[in-house]
Amino acid sequence: MKKIMVTGGAGFIGSHTVVELQQKGYEVFIVDNLSNSNPDVIDNIAKITGVKPVFGKVDVSEKKELFDFLKQHPGIESVIHFAASKAVGESVEKPLKYYRNNINGLINVLEAMKEFGIKNLVFSSSCTVYGQPKKLPVTENSPIQPALSPYGNTKQINEEIIHDFVAVTPSINAIALRYFNPIGAHPSSLIGELPIGVPANLIPYITQTAAGIRECLSVFGNDYDTPDGTPIRDYIDIIDLANAHIAAINRMEEGKQKGRLEFFNIGTGRGLTVLELINAFEKATGVKLNYKIVGRRAGDIEKVWADTSLANNELGWKAKVPIEETLLNAWKWQQHISK
Ligand code: NAD
Ligand code: WQD
C-alpha cells in the first residue's frame, strides 16, 4: 500500500480527500492540529471507508512536531498539504497569524519532504490568485494579480516558495491545484463543512438559513455586470475536488509531469450567479429560501469561472457531480449537524 501524509486531513477538503484516497487503496497518515476541525471526523472517515487513518495531533507550523511524527511513520511517498488558516476576513484582522501559520507550515512540510525522502507534493492553492481576471474563463496562464487579502497573499507566496524550492531540489515534484469554490458534503452525511460561528461563505449561510438557524440570507449586491446582477462563481463539488488530488498524485507517481511544478484549475468550467445558485438549491431540496438583496460586500470580485481544459486533458480529471446533487448533499449534511 502506498503511504501518503495528508496535512489538515481532518478539515473540510482534507477529510473528503482522505476518504477517496483510502477507497483507492492508499494508507493515509493525517496530521492536523484540530484548530479548525473536530476529532470525530477521524471516526466518521472510518465509518465510511471501514479503515481508520493514522492520526497525529500535529501543528505543522512547529517543525519538531512534524519531524517527530515522520520519524515514527517511515516510508511516506507523497504529501497533500491542506493545513492552513483560511478565513479571508480574519486574515485582514490578524495578518501575522496567517503569515505565520500558512508560510511556516509550508516551509516545514518542504523541509520534511527533503529530510524524509518524500517525493510528491500536492498543494492547496486558490483561484483567489487571479483576482478579477480580465479574460474569462480563466486559464492557468492568466496573470497573478496583487492579493486582496493576507490570506490570498499566503497562497501566492506559497506558490513562489514551492517554485523556488523544487528548482533546487530534484528529488521533489509538486502540483498546485487552484480550487474555485468548493461546496457540498459526502453523500453519507458523515462528513462535511463545519463553519465556526456565522458563516462567511455562501453555501453554509444558505443551508443554515434553510434550517432556520439564520433568519435571512443577504445577497451581497445585484448591480454587477452579470445577467441578473449578482456575482458569478464556479462552484465545485467536494467529491470531485477530492478526486482531483488523486489524479494529481497519480500523475506524479507515474512520472507524467511536464515540469517540476505544475498548476491546474479545479472547477466545473461553468459560472453560476448567486440567484441561480439559490434557485438550484430550492429546486434540489424543495425548501424555499428567505433572502434579501443588500449592498455589495467589500473586496468581492464580480465574476470568475475556470477554464478546465488543462485539468481535463492533462490530469484526466473532470467535474462530474451535477449542482443539484451537490446542493442536496450540503442540505442533508446541514440537517444531520443541526439535529
Ligand atoms: P479547513 O479549515 O476545513 O481545513 C484545514 C485543516 O487544517 C483544519 O482541520 C485545521 O485544523 C488544520 N490546520 C490549520 N492549521 C494547521 C496547522 N498549523 N497544523 C496542522 N493542522 C492545521 O479548510 P478547507 O476548506 O478544508 O481548506 C483546506 C485547504 O484548501 C486550505 O489550505 C485552504 O486555504 C485551501 N482552499 C480552500 C478553499 C475553500 O473555499 N474551502 C478554497 C481554496 C483553497
Ligand atoms: C460566493 C458568492 C458573495 C455570502 C471565498 C474566498 C476565496 C476562496 C473561496 C479560499 C459571492 C455571495 C456570500 C453571503 C452572498 N477561499 N454571498 N451572501 O467570496 O467567492 O470566495 O471563498 O481560497 O479566497 O474569498 O466565496 O462563498 O464567500 O461567496 O451573497 O452571505 O456569494 O458575494 O458572490 P468567495 P463566498
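**Two ligand shells in a predicted model**

By class, the residues around ligand 2 are eleven nonpolar, five polar and three charged. Keep in mind that this is a predicted model.

I'll stay with ligand 2 for now. Its shell holds 19 residues, and those that come nearest are Ser 126, Tyr 151, Ser 218, Arg 233 and Asp 300. Ser 126 also makes a polar contact: a side-chain N or O atom of Ser 126 sits 2.8 Å from an oxygen atom of ligand 2. A backbone N or O atom of Leu 202 is 2.8 Å from a ligand 2 oxygen, and for Phe 220 the backbone distance is 2.9 Å. On its own, ligand 2 has 690 Å² of accessible area, and the protein covers 87% of it.

Which elements supply the shell of ligand 2? Helix α7, residues 202-210, and strand β8, residues 217-220, each give at least two residues. With four residues, β8 gives the most.

Now ligand 1. Here the shell has 27 residues, with Asp 32, Asn 36, Ser 37, Asn 101 and Tyr 151 coming nearest. By class, twelve are nonpolar, eleven polar and four charged.

The polar contacts next. Lys 86 places a polar side-chain atom 2.8 Å from an oxygen of ligand 1. From the backbone, Ser 35 has an N or O atom at 3.0 Å from a ligand 1 oxygen, and Gly 11 has a polar atom at 3.2 Å. Ligand 1 taken alone exposes 820 Å², of which the protein buries 94%.

Three elements each supply at least two residues to this shell: α1 (12-23), β5 (120-126) and α6 (150-167). The most come from β5, with three.

Methods
Residues are numbered from 1 along each chain as its sequence is written. Chains are lettered from A and ligands numbered from 1 in the order in which they are written. This is a predicted model: local features need pLDDT of at least 70, side-chain atom pairs count only at pLDDT 80 or more; totals for chains, interfaces and linings use all residues. Side-chain values use heavy atoms; hydrogens and water are left out. A residue is near a molecule or strand if one of its heavy atoms lies within 4 Å of it. A polar contact is a pair of N or O atoms within 3.5 Å; within protein, one must be able to donate a hydrogen and the other to accept it, and residues adjacent in sequence count only if both atoms are side-chain atoms. Accessible areas come from the Shrake-Rupley method with a 1.4 Å probe; for residues, only the protein chains shown count as cover. Ala, Val, Leu, Ile, Met, Phe, Trp, Tyr, Cys and Pro count as nonpolar, Asp, Glu, Lys and Arg as charged, and the others, Gly among them, as polar.
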